[in-house]
Amino acid sequence: MRNSATKAARSVAVVALAVTAMGTTTAAHAATAPSAGSPTLYAAGCPGDGRPGGGNACTSLSSGAVFHSKILGANVRIETSYKKVSGGKITGQLGYSNRGTNHWGSTFTQSAGTTKTSSWTSYDSSFRCAPTVGLLKVNGQGTFQTPVASC
């Protein structure tokens with residue numbers, strides 16, 4: 001009887017060690033950093049389709065992502081931001097385009113690990129659902145844009 005109890009205790013211990021090892025292996029794999037081939041867009045929070053939700057838009061770049069949104073209330077607040085996750089320092093401007101006209105914020109300098117945002121307010125009620133596009137102009141690199149933001 002004592003021999004059976006010892007065997008049962010050993011079996012339970014082996015099962016417990018196996019379950020613990022499986023859990024540890026899974027947790028270790030889940031906690032590993034993304035592979036070198038993983039897209040930056042995931043780290044910057046911009047989904048592959050450029051639609052983070054709520055009518056907002058974004059564009060993934062090799063060093064981060066440009067985000068564009070319209071916040072509707074008594075007036076319309078337009079925001080364009082650039083979340084820079086890697087790469088060297090840049091100098092640029094954020095803006096938006098509406099009905100063929102570009103509107104630009106102040107010039108800024110930005111390093112990796114930071115987010116810059118520019119915003120504008122419109123009191124024109126026809127602007128609420130007008131199509132707008134977020135813009136990022138980087139000195140020496142050109143201008144990047146988001147898909148159209150919707151309401």
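**View 1. Two helices and nine strands make up the chain.** Start with the overall layout of this predicted model: the chain has 2 helices and 9 strands. Follow the chain from its N terminus and the elements come in the order α-α-β-β-β-β-β-β-β-β-β.

View 2. How much of the chain is buried? Of its 151 residues, 30% are buried. Now look at contacts between residues at least 6 apart in sequence: 50% of them join residues at least 24 apart.

**View 3. A disulfide joins Cys46 to Cys58.** A search of the whole structure turns up 1 disulfide. Here the sulfur atoms of Cys46 and Cys58 sit 2.1 Å from each other. The pair ties together distant parts of the chain, 12 residues apart: Cys46 is in the loop between α2 (40-44) and β1 (57-61), while Cys58 belongs to strand β1. If the term is new to you, a disulfide is a covalent bond between the sulfur atoms of two cysteines.

**View 4. The handedness of the Cys46 and Cys58 disulfide.** Why is this disulfide called right-handed? The torsion about the S-S bond of Cys46 and Cys58 is about 90°, so the disulfide is right-handed.

**View 5. Are Cys46 and Cys58 buried or exposed?** Buried means under 20% relative accessible area. Cys46 has 2% relative accessibility, so Cys46 counts as buried. Cys58 is at 2% relative accessibility, so Cys58 counts as buried too.

Notes:
Residues are numbered from 1 along each chain as its sequence is written. This is a predicted model: local features need pLDDT of at least 70, side-chain atom pairs count only at pLDDT 80 or more; totals for chains, interfaces and linings use all residues. Side-chain values use heavy atoms; hydrogens and water are left out. Helices (H or I, at least four residues) and strands (E, at least two) are DSSP runs, numbered from the N terminus. Buried means under 20% relative accessible area, exposed over 50%, partly exposed in between (1.4 Å probe, protein chains only). Contact means heavy atoms within 4.5 Å. A disulfide is a pair of cysteine sulfur atoms within 2.5 Å.
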